[in-house]
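Could you walk me through this protein model in simple words? I would like to start with the whole chain and then look at a few single residues.

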Amino acid sequence: MSDVFSAGVQPGGLNTSQEIKILLCYMLHTVNCAMPRDEVTDIIVGGGMANYFDTEDAIEELLRLQHLVTDDARNIATTVTGSQIGDSLSMRIPYTLRERSVAAALQLLKRKQVEKDNKVDIHRLDDGSCQVTCTVMDQGKPLLSVALRVADEYQAEQIKEHFLADPSFLYRSNLAVLTGDANLRRAGTQLVIKL
């Protein structure tokens, strides 16, 4: 029966409620930002750091004890006591788990900021193809917009993911090509752009 409750937990992961609560407080205290509860759970469970049920129970207990607070949008954050727990007891948690949890949280927050600061619109066309429009924004105003017609939604989603991974690259590379600042070279079937 214990295999059911440790399923998905990688070797070195956490199996006690106390350790999971400390990790949650540490991660939220370190990133110093409220995060959606579901995404916090995904970070811990998806990273193999703890079991889903144990993680959810730990969050509930921390909320009950008022070490975490939640808002109407189900974002959770540490209170003063939750931050103190995360800060003072963090050494009880393996360094690798602490670092992985914070790195995953920061990556998620960065991605959300990129999605907020840039736009991708996908419109399905009558013939089954899609038009993808990627827009680099600057202070809420469009800086560069590129529209492409692709064969299907799968390609559209791939373009969206690659664009959101580094929107500034699209801007820098287009600007360099259009202003003549890029060092362009054709190498057989490849186009090499040196920015």
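## Before we start

This is a predicted model, in which local features need pLDDT of at least 70, side-chain atom pairs count only at pLDDT 80 or more, and totals for chains, interfaces and linings use all residues. Residues are numbered from 1 along each chain as its sequence is written, and side-chain values use heavy atoms, with hydrogens and water left out.

## The whole chain

The protein chain contains eight helices and eight strands. Both are DSSP runs numbered from the N terminus, with at least four residues (H or I) for a helix and at least two (E) for a strand.

How does the chain's radius of gyration compare with that of a compact globule of 195 residues? The protein chain has 22 Å, whereas such a globule would have a value near 16 Å. The radius is taken over C-alpha atoms, and the globule rule is 2.2 Å times the number of residues to the power 0.38. Along the principal axes, the C-alpha atoms fill a box of roughly 60 × 35 × 35 Å.

## Inside and outside

Of the 195 residues, 36% are buried. Buried means under 20% relative accessible area, exposed means over 50%, and partly exposed lies in between (1.4 Å probe, protein chains only).

Contacts tell us about the fold too. Among contacts with a separation of 6 or more, 53% are between residues 24 or more positions apart; a contact means heavy atoms within 4.5 Å.

## A buried serine

Ser-101 sits in helix H6, which covers residues 95-117. Is this serine buried or exposed? Ser-101 counts as buried because its relative accessibility is 0%.

Leaving aside residues up to four places away in sequence, Ser-101 touches Leu-23, Met-27, Ile-43, Ile-44 and Met-49. A polar atom of the Ser-101 side chain also lies 2.9 Å from the backbone oxygen of Arg-98. For a polar contact, N or O atoms pair within 3.5 Å; within protein, one must be able to donate a hydrogen and the other to accept it, and residues adjacent in sequence count only if both atoms are side-chain atoms.

## Two loop residues with positive phi

Arg-74 is in the loop between strand S2 (68-70) and strand S3 (75-78). Its phi is near 65°, a positive value in a residue other than glycine. Most residues other than glycine have a negative phi. Arg-74 counts as partly exposed because its relative accessibility is 43%.

Gln-139 lies in the loop between strand S5 (130-138) and strand S6 (141-150). Gln-139 is not a glycine, yet its phi is positive, at about 55°. With a relative accessible area of 76%, Gln-139 is exposed.
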